[in-house]
Amino acid sequence: MAEMILEKQDMAAFTAEINKGYELFGPVKNGKQLEIARVNEVSDMVLEGYRNTDMSPKNLFFPQSEEMMAFKKYGDDANIYKDSLKEIAPRVIFGIRPCDAKAFSVLDQIFKNDQFIDNYWFSKREKSVMIGLGCNMPCSTCFCTSVNSHPFGETGLDVLATDLDNRYLLKTLTKKGEDILSGVSCLKVANDDDLSSAKSLSEKAVSEISGNLELKNIDKKSVLDLFNADFWERVQEPCLNCGTCTYVCPTCHCFDIQDEVFKDEGIRVRNWDSCMSWLFTIHGSGHNPRPGKKERVRQRFMHKFKYIPIKRDGEIGCVGCGRCIRMCPVNIDVREVVKLMNS
Ligand code: SF4
Ligand code: SF4
């Protein structure tokens, strides 16, 4: 592990040096939205006053719509599926928030098990170097510290950057992180004052995250007790089942696979889907195990706070980014639901 200083005035030189062979991604404006996307000019990156992106950056590895394979209906090669998995250029992703990086490590566990590896996810993950940016100014809706995350968390990152006003402290966390910074001429070794400033910023950020959520009782309660609890009637009442909470969430990963056929050729595409949708769970028989709003709303919270922890050794399917709280059109607040589940 190394701790280096990058002066902000050297940002262009820094990115030019690490850019060799890599595509640079960072927080940029797309209309009114802030998103992590390809950066053409370093000056396009919005790093001052930046809190977090509106959408989660999961689309970097799990695009909203992705071609999986192509096929033909007729001819000698009819019905032979050709993998559409594309090689991407190596990427440096600068400025990702620790909660979102943590979410990627949660999804790594979901897109891989003993029998199966999702190459569409991992081919992009493996080509990416993640330089995270600690949160000096958490939002009022952030609650990462309640769900095994932290405003300066390191999980899922290769380098953690701390904004020290006119300079960044860069801490390498993995071999990938060391490799990307090695030989960059504009970096210098951090001194004790830099390290102590970073520590103070981290402590200040933690103190600004309001309200600690308790989850211990969720762990103790049985699935059936939680599943059959009376409060779901109240929780589901205002929900519109619009799906916004699931689309903006960095850990939501439901998808649907469709064949799109044009004359005698076609492609197989996977698209984001949502447990909030009635169509998502309907069976070919016409039976739908989640026929009503209550079942669908309950599924979203049970999945994140009960089913994932059971299957993944206590890992929580929420990283406390607060996007669903900010974006829900009827102000359903995941923190309030967790309090009910834990009560
Ligand atoms: S964003 Fe709000 S209204 Fe829309 S599905 Fe989610 S909880 Fe329901
Ligand atoms: S459930 Fe809400 S707060 Fe938790 S990770 Fe998803 S969007 Fe963020």
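My entries follow in the order in which I looked things up.

**Conventions.** I am working with a predicted model, in which local features need pLDDT of at least 70, side-chain atom pairs count only at pLDDT 80 or more, and totals for chains, interfaces and linings use all residues. Residues are numbered from 1 along each chain as its sequence is written, and chains are lettered from A and ligands numbered from 1 in the order in which they are written.

**Domains.** I began with the division of the chain, which gives domain 1 (3-208) and domain 2 (216-342); such bounds come from an automatic or database domain assignment. The centres of the two domains, taken over C-alpha atoms, are 25 Å apart. I then looked up the contacts between them, a contact being two C-beta atoms, placed from the backbone, within 7 Å. On this basis 34 residues of domain 1 are in contact with 27 residues of domain 2. On the domain 1 side, β4 and α2 each supply at least two residues. Helices (H or I, at least four residues) and strands (E, at least two) are DSSP runs, numbered from the N terminus. By class, that side of domain 1 has 17 nonpolar, 10 polar and 7 charged residues. Here Ala, Val, Leu, Ile, Met, Phe, Trp, Tyr, Cys and Pro count as nonpolar, Asp, Glu, Lys and Arg as charged, and the others, Gly among them, as polar.

**Core.** Next I looked up the largest nonpolar core, which has 68 residues. A core of this kind is a set of buried Ala, Val, Leu, Ile, Met, Phe, Trp, Tyr and Cys residues joined through C-beta atoms within 7 Å. Buried means 20 or more other C-beta atoms within 10 Å of the residue's own, exposed 12 or fewer, and partly exposed in between, with C-beta atoms placed from the backbone. The residues with the most contacts inside the core are F25, V92, I93, I131, A161 and F305. Helix α2 (residues 98-110) gives the largest share, 6 residues. Both domain 1 and domain 2 contribute at least three residues each. I checked V92 separately: beyond four places in sequence, its contacts are I18, Y22, L24, F25, V129, I131 and I180.

**Eight-stranded sheet.** I read the strand order as β3-β2-β6-β7-β8-β9-β1-β10, an open sheet with mixed pairing; strands pair if DSSP finds at least two bridges between them. At the edges are β3 (33-38) and β10 (188-189), each with a single partner strand, so one side of each has no neighbour in the sheet.

I followed β7 (residues 128-133) in detail. With β6 (residues 91-96) it pairs in the parallel sense over 5 bridges, and I93 has M130 as its bridge partner. With β8 (residues 159-163) β7 is also parallel, over 3 bridges. There I131 stands opposite V159 and L133 has A161 as its bridge partner.

Which residues of β7 lie on each side? S128, M130 and G132 are on one side and V129, I131 and L133 on the other, and all are buried. In a regular strand the side chains alternate between the two faces of the sheet.

**Four-stranded sheet.** A second open sheet runs β5-β4-β12-β11 with antiparallel pairing. Its edge strands, β5 (82-83) and β11 (255-262), each pair on one side only. Between β4 (residues 65-72) and β5 I found 2 bridges, and A70 has K82 as its partner.

**Two single residues.** I picked G26, in strand β2 (residues 23-30). G26 counts as buried because 23 C-beta neighbours lie inside 10 Å. Outside four places in sequence, G26 is in contact with I36, V39, M45, F94 and G95.

K304 lies in helix α10 (residues 293-311). Is K304 buried or exposed? Buried, because K304 too has 23 C-beta neighbours inside 10 Å. Not counting residues up to four places away, K304 touches T251, I316, G317 and C318.

**Ligand shells.** A residue is put in a shell if its C-beta atom, placed from the backbone, lies within 6 Å of the molecule. Around ligand 1 I noted several residues, including C239, C242, C245 and C328. That shell has 9 nonpolar, 3 polar and no charged residues. Ligand 2 has 13 residues around it, of which C249, C318, C321, R323 and C324 come nearest. By class the ligand 2 shell has 8 nonpolar, 3 polar and 2 charged residues.
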